[in-house]
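Thanks for coming. I will go through one structure this morning, from the overall layout down to a single residue. Please look at the sequence and the model before I start.

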Amino acid sequence: MRRPVSTPGASGGKESPGEAIATRLPAEATGANLPAEAVPRTVIEHITPCVDHGRFAVKRVAGETVAVEADVFAEGHDAVCCALLHRPQAQTPWRSVPMAPLGNDRWRAEFVVEELGRYEYTVTAWVDPLATWRRDLLKKQSAGQDVSVDLQRGAQLIQAAAARAGAEDGRRLEEWARSLASSD
């Protein structure tokens, strides 16, 4: 749900009830080039601050910080990442701030209200296959288990990321994937 933030002196009337929680936002909004299947498995609930379920604007003065928290989780044990997207209402591009985990599926990020006017914010989340792979690989390594299959799987994930990346990043990711695939 897009949440309005209003600063004193901002023009405009009463906010209408917000839209449904946006779990599928375009890549330009999140700043990430994620595969389409990575997004819909996440759940975003209990976004705060919130006044009457988004019906009314949260009030802040220019220069103050808006701290946004949300419960974000996914099915299974995959690693989840999320971002706070915010913008002045009149502007088109979203600004993205990575959210930090607080524990027990609660996440937090902040943005500063820079000038008078209305702002919008929302939370987006996705399952992160590379973070899941890395976390699981480290657990297996520390337990002394064989990780050769996991290294091959990591090489495949990194190859897929390289295909979505720009030229320079793609080249580095390709090198990393080859390195993982050849180490056993």
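**Layout, cores and a helix pair**

The protein has four helices and nine strands. What you see is a predicted model. Reading from the N terminus, the order of elements is β-α-β-β-β-β-β-β-β-β-α-α-α. The protein has 184 residues, and 40% of them are buried. As for contacts between residues at least 6 apart in sequence, 71% join residues at least 24 apart.

Now to the interior. In soluble globular proteins, nonpolar side chains tend to be buried together. Here the largest nonpolar core has 21 residues. Which residues have the most contacts inside this core? They are V68, V72, F111 and V123. At least two core residues come from each of these strands: β2 (42–48), β4 (65–74), β5 (80–88), β8 (106–112) and β9 (118–127). There is also another core, lying apart from the largest one, with nine residues. Among them are L137, V147, L151 and L157.

Take V72 as an example from the largest core. Setting aside neighbours within four places in sequence, V72 contacts V43, I44, V80, C82, D105, W107, V123 and A125. One of these, V123, is also on the list of residues with the most contacts inside the core.

Next, a pair of helices. Two packed helices are described by the angle between their axes and the distance between the axes. Helix α2 covers residues 129–142 and helix α3 covers residues 148–164. Their axes come within 10 Å and cross at roughly 160°. Because the angle is over 145 degrees, α2 is roughly antiparallel to α3. The crossing of these two helices is left-handed.

Which residues of α2 and α3 meet? From α2 there are P129, L130, W133, L137 and K140. From α3 there are D150, L151, R153, G154, L157, I158 and A161. By type, the residues of this contact divide into eight nonpolar, one polar and three charged.

Is D150 buried or exposed? Its relative accessible area is 15%. The cut-off for buried is under 20%, so D150 counts as buried. Leaving out residues up to four places away in sequence, D150 touches W133, L137 and K140.

Note on methods. Residues are numbered from 1 along each chain as its sequence is written. This is a predicted model: local features need pLDDT of at least 70, side-chain atom pairs count only at pLDDT 80 or more; totals for chains, interfaces and linings use all residues. Side-chain values use heavy atoms; hydrogens and water are left out. A nonpolar core is a set of buried Ala, Val, Leu, Ile, Met, Phe, Trp, Tyr and Cys residues joined through side-chain atoms within 4.5 Å. Buried means under 20% relative accessible area, exposed over 50%, partly exposed in between (1.4 Å probe, protein chains only). Contact means heavy atoms within 4.5 Å. Axes are lines fitted to C-alpha atoms, for helices over the stretch in contact, and angles run from 0 to 180 degrees between N-to-C directions. Angles under 35 degrees count as roughly parallel, over 145 as roughly antiparallel, 65 to 115 as roughly perpendicular and the rest as oblique. A crossing is left-handed if the near helix is turned anticlockwise from the far one by less than a right angle, and right-handed if clockwise. Ala, Val, Leu, Ile, Met, Phe, Trp, Tyr, Cys and Pro count as nonpolar, Asp, Glu, Lys and Arg as charged, and the others, Gly among them, as polar.
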